[in-house]
Amino acid sequence: CGTPLNMAPEILKGAKYDHKVDVWSLGTVFFEMVTGFTPFTGMNKEDLKRNLEIGNYMFPKHIHLSLEGLDFMNCCLQHNPKDRMSWDDLLKHSYLNYDFTRYMNDKAMP
């Protein structure tokens with residue numbers, strides 16, 4: 001269940017679905033955490049369904065996110081579940097496996 005604003009298009013359509021619906025939901029939550037609003041909206045459930053069927057979302061130009069972060073979000077928010085990354089692939093994504101230690105000096109390391 002959950003809020004329709006975070007539901008994958010295949011759930012809202014009543015189609016068969018798998019674990020990739022959770023990857024979609026992760027993408028919507030990540031988008032909202034970064035921007036402050038959801039990627040897809042609607043005045044009601046039917047309007048939301050129509051907007052999801054179009055499948056386009058706009059990332060605000062004034063918010064700076066790394067290319068890895070944008071790619072991560074795009075991998076989650078693929079309208080077609082066949083194009084959406086699996087959990088295994090997503091967990092290997094460069095955004096989640098970013099080597100932040102290269103920016104730390106030796107004194108900061110435990």
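**View 1. Helices α2 and α4 cross with their axes within 7 Å.** Helix α2 spans residues 20-35 and helix α4 residues 67-76. Their axes, lines fitted to C-alpha atoms over the stretch in contact, cross at roughly 140°. Angles run from 0 to 180 degrees between N-to-C directions. That makes α2 oblique to α4; under 35 degrees would count as roughly parallel, over 145 as roughly antiparallel and 65 to 115 as roughly perpendicular, with the rest oblique. The crossing is left-handed, meaning the near helix is turned anticlockwise from the far one by less than a right angle. This is a predicted model, where local features need pLDDT of at least 70, side-chain atom pairs count only at pLDDT 80 or more, and totals for chains, interfaces and linings use all residues. Residues are numbered from 1 along each chain as its sequence is written, and side-chain values use heavy atoms, without hydrogens or water.

**View 2. Residues where α2 meets α4.** From α2 come V23, W24, L26, G27, F30 and F31. From α4 come G69, F72, M73 and C76. Contact means heavy atoms within 4.5 Å. Eight of these residues are nonpolar, two are polar and none is charged. Here Val, Leu, Met, Phe, Trp and Cys are among the nonpolar types, and Gly is among the polar ones.

**View 3. The protein has five helices and zero strands.** The order from the N terminus is α-α-α-α-α. Helices are DSSP runs (H or I, at least four residues), as are strands (E, at least two). Of the 110 residues, 34% are buried, that is, under 20% relative accessible area with a 1.4 Å probe, protein chains only.

Note on methods: Buried means under 20% relative accessible area, exposed over 50%, partly exposed in between (1.4 Å probe, protein chains only).
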